[in-house]
Amino acid sequence: MKAVIDRYGKAKEEQLSVNNATSELMFWQRGAASLRQQLHNLQESHKQLMGEELSGLGARDLQSLENRLEMSLRSVRMRKDHLLKNEIEELHRKGSVIHQENLELCRRVNIMSQQKMELQRKLQASEGVVADANTSFSTPYSFNIAQDADVTCNLERRHSHQKVVEHRETGAPELG
């Protein structure tokens, strides 16, 4: 009796598996047909959106297509405006950073210019003391500051016996 029940169960399973294979095949065939239809509809819609094959459309269909195109165009313009606004904001931020860097560099240049002027004043003030010291004893070297348009300050090392001749030629104040 048990053997008969087991055979009956196996036969039922085989029949279900055959039915399942058939139903599964039909399921996939229906799915493929549905996908083919969707692809065909999308291709037609795409052609219509591109302005092709409009001859079969009536006035309502054309109005509907025009509305869809206007909504799409509005969406594209909004996205473009959003991207441009973000880009403009980023450029403003970068411009602000560059402006701050420029202000800092100007401040540094002003500080360096003030330091240069202070050094020149000190040099001019000490020039009288150095001239007096040079008359009492001789030093083997002296320093000259030669100013040029390209170079802000250039220290040159010169021998003391050339100092007087070169000072007359350049007209530059001497250190000594």
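**Salt bridges, fold and confidence of the predicted model**

Arg93 is partly exposed, with a relative accessible area of 45% (buried means under 20%, exposed over 50%, and partly exposed in between, with a 1.4 Å probe and protein chains only). The structure is a predicted model, in which local features need pLDDT of at least 70 and side-chain atom pairs count only at pLDDT 80 or more, whereas totals for chains, interfaces and linings use all residues. Residues are numbered from 1 along each chain as its sequence is written, and side-chain values use heavy atoms, with hydrogens and water left out.

The side chain of Arg93 meets that of Glu90 in a salt bridge, at 2.5 Å from N to O (a side-chain nitrogen of Lys or Arg within 4 Å of a carboxyl oxygen of Asp or Glu). Both Glu90 and Arg93 belong to helix α2, where three residues, about one turn of the helix, lie between their positions. Glu90 is partly exposed, its relative accessible area being 35%. Across the whole structure, five salt bridges are found. Another of these joins the side chains of Glu104 and Arg108, with 3.4 Å from N to O. Glu104 and Arg108 are separated by about one helical turn, because they stand four residues apart in helix α2. Glu104 has a relative accessible area of 29% and is therefore partly exposed; the value for Arg108 is 47%, which likewise makes Arg108 partly exposed. Salt bridges with shared partners connect Glu89, Glu90 and Arg93 in one network. A further salt bridge is formed between the side chains of Glu53 and Lys47, at 3.4 Å from N to O. Of these two residues, Glu53 is exposed, with a relative accessible area of 52%, and Lys47 is partly exposed, at 32%.

One aromatic pair is present in the structure. The ring centres of Phe27 and Trp28 are 5.3 Å apart and the ring planes meet at 70 degrees, so the pair is edge-to-face (rings of Phe, Tyr and Trp, the last by its six-membered ring, pair if their centres lie within 6.5 Å; planes under 30 degrees apart count as stacked, over 60 as edge-to-face and the rest as tilted). Phe27 is partly exposed at 49% relative accessibility, whereas Trp28, at 56%, is exposed.

The protein chain contains three helices and three strands (DSSP runs numbered from the N terminus, helices being H or I of at least four residues and strands E of at least two). Their order from the N terminus is α-α-β-β-α-β. Of the 176 residues in the protein chain, 9% are buried. Among contacts in the protein chain with a separation of 6 or more, 35% are between residues 24 or more positions apart (contact means heavy atoms within 4.5 Å).

The average pLDDT of the protein chain is 78, and 71% of the residues score at least 70 (pLDDT is the predictor's confidence in each residue, from 0 to 100). Confidence is highest in helix α2 (residues 59-136), with a mean of 90, and lowest in strand β2 (residues 154-159), with a mean of 42. Residues 136-143 have pLDDT below 50, and this stretch makes 22 contacts in the model beyond near neighbours in sequence. Over residues 145-169 pLDDT also stays under 50, and the model has 41 contacts beyond four places in sequence for them.
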